[in-house]
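Please examine the sequence and the three-dimensional model shown here. The paragraphs that follow lead through the structure, beginning at the start of the chain.

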Amino acid sequence: MHIDWAALGQVFGVSLVVTVGLVGIFTLGIVGTSPRTGGSADSGAGTGAGALARSGAYACFALCAAAVGYGIYLIVA
């Protein structure tokens, strides 16, 4: 039995990078949807930035869903 260590190392490296990237994108989504608890006196400011952060968070979640869907497609096909 012969083990191709180079191929095994490549699979490990790609899996590690994709996993860390996917967790990072999901974390950005969680942070984007979390409520803001700022200590500023002007409570009405930043509503446009909040909407932008929420839109970015939804885009991150969509990216995660697309990556999971692609992984399922690769396994099933």
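Met-1 is found in the segment that precedes α1 (5-33); helices here are DSSP runs of H or I with at least four residues, strands are runs of E with at least two, and both are numbered from the N terminus. Met-1 counts as exposed because its relative accessibility is 100%, where exposed means over 50% relative accessible area, buried under 20%, and partly exposed in between (1.4 Å probe, protein chains only).

The model is predicted: local features need pLDDT of at least 70 and side-chain atom pairs count only at pLDDT 80 or more, whereas totals for chains, interfaces and linings use all residues. Residues are numbered from 1 along each chain as its sequence is written, and side-chain values use heavy atoms, with hydrogens and water left out.

In the protein chain there are two helices and zero strands. Buried residues make up 6% of the 77 in the protein chain. The chain exposes about 6100 Å², of which carbon and sulfur atoms supply 74%.

Helix α2 spans residues 47-76 and includes Val-68. This residue, Val-68, is partly exposed, its relative accessible area being 47%. Between the C-alpha atoms of Val-68 and Leu-22 the separation is 9.4 Å, although the two residues are 46 apart along the chain.

How many disulfides does a search of the whole structure find? The search finds zero, a disulfide being a pair of cysteine sulfur atoms within 2.5 Å. Cys-60 is in no disulfide, and its nearest cysteine sulfur, that of Cys-64, lies 7.0 Å away. Cys-64 is likewise in no disulfide. Are these cysteines buried or exposed? Cys-60 counts as buried because its relative accessible area is 14%, and Cys-64 is buried as well, with a value of 8%.

Note on methods
Areas by Shrake-Rupley, 256 points an atom, 1.4 Å probe, with all protein chains shown as cover.
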